Amino acid sequence: MSRATIAADRVATFVVAVILIGVGVTAIAWWLDLFTWMPARLDLTAALDLVYQSWWPWAAGVAGLVAVLVGLRWLIAHVPDRGVGDLKLAGSGPGGKLRAAASPVAEAAAQVLAGAPGVRSASGKVLHERGQLVARLTGTIETGADLHAIAQAADKVAAELGAVLGRNDLLCQVQLKTATRTRVQPRVR
Amino acid sequence: MTTIAQPTGDAQPGAGARLEPLAAAKAPVGPGKITAVGVVLALGLLSLGVIALHDALIPSGLVAGPSWIDSGLTTLHGSEPAPWMVPSGLLMATVGVWALVTALRPRPSTAIALTARTGVYLRPRDVARIARTATENVDGVTSATANATRRTVTVSVRAIAPGQIAADVQQAVAHALDALAAAPRIRVRVTPERGPR
């Protein structure tokens, strides 16, 4: 998720929280008759008058369309990131651009990691996350694996990935998970 | 004596040059409750938009029926204080306070770093599984369960002869997890295995 989506979630939640607290406290105060300035009845005449204005359907239409579009965009922003497309490589200049499809390169690096002892499988992609360009490798390891060896293999793969893509702003994150079931070894009678 | 010429150009993978791994990205964080709340609010905004569009299309005849906004306002118009407002108000305020805390709380850190030059991480539940496997391989342990937080690993074992088991388990778990960047606190609980009746 991008930083903008997280910020939007936080700001919207904050605003809704303040509204909920305000309405809740006002409702209790109204019933307890704590403030003399509170009306005896809720008067929504002004709001009802607006609904009968000739321009109301247009205003509601525009506001509704904006709300639907913003809501959809906001919802889609929560879909897990599928990764960036092409990355511009070092050496690009006025004479021409060097580009590489980023995620297939990360996927190839993941396959190298998957070949390390104790790693059952791995996948990789390059994505923008929290303001960083991240090569994320996800590996499933055996529960009895040698973590030192896996960390070394991850370092080696991260070094090769850096050399292939040659981007100074690219960072790496290797997320390891253990296999939930022990792999059944072939039996020898 | 034979010498092998090393490439003088840019370092290539496998060319014999020692390459520097990519620097570590920010440690992974869990989605947290704020993500779920964000999805609910996005759906809420979408619903408000649909209500407004519905009402906007009534004059054109494309949509039949009464205006939803008008109906809602008419229902609320003229309301008077009622006893149900106390529990409802309390509920709204409570949900509001919870949402306020959720909005401000950082997302949960779910990562336990390994000692590596790039960023390599495990989740607490994986550390627990590794600790359990290491424990199960200790002589005398009949069964084991493990839980882990970011700083503490707790292993519960059943053992035939509990005497030395706790120290052996402690050592085995510490060895299995010695690649973690910060050594966790390891707690071992031993329950004697009941013999055959």
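Residues are numbered from 1 along each chain as its sequence is written, and chains are lettered from A, ligands from 1, in the order in which they are written. This is a predicted model, so to speak: local features need pLDDT of at least 70, side-chain atom pairs count only at pLDDT 80 or more, and totals for chains, interfaces and linings use all residues, while side-chain values use heavy atoms, with hydrogens and water left out.

**View 1. Where chain A meets chain B.** Chain A puts 72 residues into the contact and chain B puts in 77; contact here means heavy atoms within 4.5 Å. Together the two chains bury about 6400 Å², with 73% of that on carbon and sulfur atoms. Buried area is the accessible area (1.4 Å probe) that two parts lose on being put together, summed over both.

**View 2. A salt bridge and some polar contacts.** The count between the chains is 1 salt bridge, and you'll find it where the side chains of B:Glu80 and A:Arg41 meet (2.9 Å, N to O). The rule asks for a side-chain nitrogen of Lys or Arg within 4 Å of a carboxyl oxygen of Asp or Glu. There are also 24 residue pairs in polar contact across the interface, both residues at pLDDT 80 or more. A polar contact is a pair of N or O atoms within 3.5 Å; within protein, one must be able to donate a hydrogen and the other to accept it, and residues adjacent in sequence count only if both atoms are side-chain atoms.

View 3. Strands (E, at least two residues) are DSSP runs numbered from the N terminus, and two of them pair if DSSP finds at least two bridges between them.

**View 4. A:Leu176 and its partners on either strand.** S4(A) and S5(A) run parallel, joined by 9 bridges, and A:Gly139 stands opposite A:Leu176 in S5(A). S5(A) also pairs with S2 (residues 119–122) of chain B, in the parallel sense over 4 bridges. In S2(B), A:Leu176 has B:Leu122 as its bridge partner.
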